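Welcome! Here is a short briefing to read with the structure open beside you. Take your time and find each residue as it comes up.

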Amino acid sequence: MKKFIITCDTNWCGTDNKFRALAESEEDLDDLAGGLAYDNFYSFFDTNDILEDLGYDSEDLTDEEIDKILDNIDESAYYYYDIEECEDDDEWNSFE
């Protein structure tokens, strides 16, 4: 088994998280990394940030309008991940 570090982030500063994973190859981790990135996004998700990014002011919208906008966005445009093999035990042990 190889050691990998999965870094998940969103479009906003300070929202990155790193995870350790063991696998035979990087490709084996793609689904896991995608799920972690999605969960990370939702842990920081703020409706106003996305509305602002799309050019809206939430104070000018009804709840129904906000729901309609959010139902039609591509959430995957707001989060991403990177998988890197980790051969450094200090880096591997530097976080939980």
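Let's begin with Ile73, which touches Ile50, Leu54 and Tyr78, leaving aside residues up to four places away in sequence; contact here means heavy atoms within 4.5 Å. Please keep in mind that this is a predicted model, where local features need pLDDT of at least 70, side-chain atom pairs count only at pLDDT 80 or more, and totals for chains, interfaces and linings use all residues. Residues are numbered from 1 along each chain as its sequence is written, and side-chain values use heavy atoms, with hydrogens and water left out.

**The nonpolar core**

- Ile73 is also one of the residues with the most contacts inside the largest nonpolar core, together with Ile6, Leu29, Ile50 and Ile83.
- This core has 19 residues; a nonpolar core is a set of buried Ala, Val, Leu, Ile, Met, Phe, Trp, Tyr and Cys residues joined through side-chain atoms within 4.5 Å.
- Buried means under 20% relative accessible area, exposed means over 50%, and partly exposed lies in between (1.4 Å probe, protein chains only).
- The elements giving two or more residues to the core are β1, β2, α1, α2 (47-53), α3 (63-71) and β3.
- Helix α1 gives the most, with four residues.
- In soluble globular proteins, nonpolar side chains tend to be buried together.

**The sheet**

- Helices (H or I, at least four residues) and strands (E, at least two) are DSSP runs, numbered from the N terminus.
- Three strands form an open sheet in the order β2-β1-β3, with antiparallel pairing; two strands pair if DSSP finds at least two bridges between them.
- The edge strands, each pairing on one side only, are β2 (17-23) and β3 (79-85).
- On average, neighbouring strands of this sheet are turned by 25 degrees against each other, direction ignored; axes are lines fitted to C-alpha atoms, for helices over the stretch in contact, and angles run from 0 to 180 degrees between N-to-C directions.
- Seven bridges join β1 (residues 2-10) to β2: Ile5 has Arg20 as its bridge partner, and Ile6 stands opposite Phe19.
- The β1 and β3 strands also pair in the antiparallel sense, over seven bridges, and the partner of Thr10 in β3 is Tyr79.
- Strands β1 and β2 form a hairpin with six residues between them, and Gly14 in the turn has a positive phi of about 75 degrees.

**Helix α1 and Asn40**

- Helix α1 (residues 30-44) lies across β1, β2 and β3, and runs at about 135 degrees to β3.
- Asn40 sits in helix α1. Is Asn40 buried or exposed? At 3% relative accessibility, Asn40 counts as buried.
- Setting aside residues up to four places away in sequence, Asn40 touches Cys8, Asp9, Thr10, Thr15 and Asn17.

**The salt bridge**

- How many salt bridges are there? The count comes to one salt bridge, defined as a side-chain nitrogen of Lys or Arg within 4 Å of a carboxyl oxygen of Asp or Glu.
- Lys3 forms this bridge with Asp89, and the closest N and O atoms are 2.9 Å apart.
- Because Lys3 lies in strand β1 and Asp89 in helix α4 (residues 89-92), the pair ties together parts that are 86 residues apart in sequence.
- Lys3 is partly exposed at 28% relative accessibility, and Asp89 is partly exposed with a relative accessible area of 45%.

**The cysteines**

- The structure holds zero disulfides, a disulfide being a pair of cysteine sulfur atoms within 2.5 Å.
- Cys86 is in no disulfide either, and the nearest cysteine sulfur, that of Cys8, is 15 Å away.
- Cys13 is exposed, with a relative accessible area of 80%, whereas Cys86 is buried, at 4%.

**Asp67 and Asp88**

- Asp67 is placed in helix α3 and is partly exposed, with a relative accessible area of 45%.
- Asp67 and Asp88 are 21 residues apart in sequence and, from C-alpha to C-alpha, 45 Å apart in space.
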